[in-house]
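Hi everyone, thanks for coming. Please have a look at the structure I am putting up now, and then I will talk you through it.

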Amino acid sequence: MDDLQTLYQQVILDHSRERNGFGDLPQNPSATSYQVNPTCGDEVTVAVDVADGELERMVWNGDGCSISQASLSIMTDLIDGKSVEEIGSLYRDFETMMHSRNRGVDEQLLDHLEDGAALEGTSQFPNRIKCALLGWYALKDALAKTGVNIVEEGQDG
């Protein structure tokens, strides 16, 4: 195993233990989204607070494999303090990477995803792609319920 693979494995393990953003869901969030991966049983609920079309806070709670938990933790770190446009760009880049089937993606995209790049190798396993994308899909859905669309570039919800 090369040094980069070892580093990436450690990043995933660290994030799956740290679980940044994990906590008790707020009483009255702007919106929530519950997502489940029926293939493996991973599940997550993401709660968001949105004001003036911007994400103010996101909290998640759920259980799953180390890939889903690490992805949620990494996502939390990536979106912290970001505008909706920046979150949309991260979402699209992460989805592009996860659908690459580990055939390689642009280095700038990997740099943009920071620790998220550690999950690139999981894109070669179709059943693990769902694990890595679960939290991102929950975030997208919760934001959509507030009128914020992060899927299409240039849209302001």
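I will start with the overall fold and then turn to one pair of helices.

First, some ground rules: this is a predicted model, where local features need pLDDT of at least 70, side-chain atom pairs count only at pLDDT 80 or more, and totals for chains, interfaces and linings use all residues. Residues are numbered from 1 along each chain as its sequence is written, and side-chain values use heavy atoms, with hydrogens and water left out.

The protein has five helices and three strands, in the order α-β-β-β-α-α-α-α along the sequence. Here helices (H or I, at least four residues) and strands (E, at least two) are DSSP runs, numbered from the N terminus. Of the 157 residues, 44% are buried, meaning under 20% relative accessible area with a 1.4 Å probe, protein chains only. The C-alpha atoms fill a box of roughly 45 × 30 × 25 Å along the principal axes.

Now for the pair. How do H3 and H5 run relative to each other? Their axes, lines fitted to C-alpha atoms over the stretch in contact, come within 11 Å and cross at roughly 160°, with angles running from 0 to 180 degrees between N-to-C directions. That makes H3 roughly antiparallel to H5, a label for angles over 145 degrees.

Contact means heavy atoms within 4.5 Å. Among the residues making it are Ile 87, Leu 90 and Phe 94 of H3, and Ile 129, Leu 133 and Trp 136 of H5.

Terms used
Angles under 35 degrees count as roughly parallel, over 145 as roughly antiparallel, 65 to 115 as roughly perpendicular and the rest as oblique. Buried means under 20% relative accessible area, exposed over 50%, partly exposed in between (1.4 Å probe, protein chains only).
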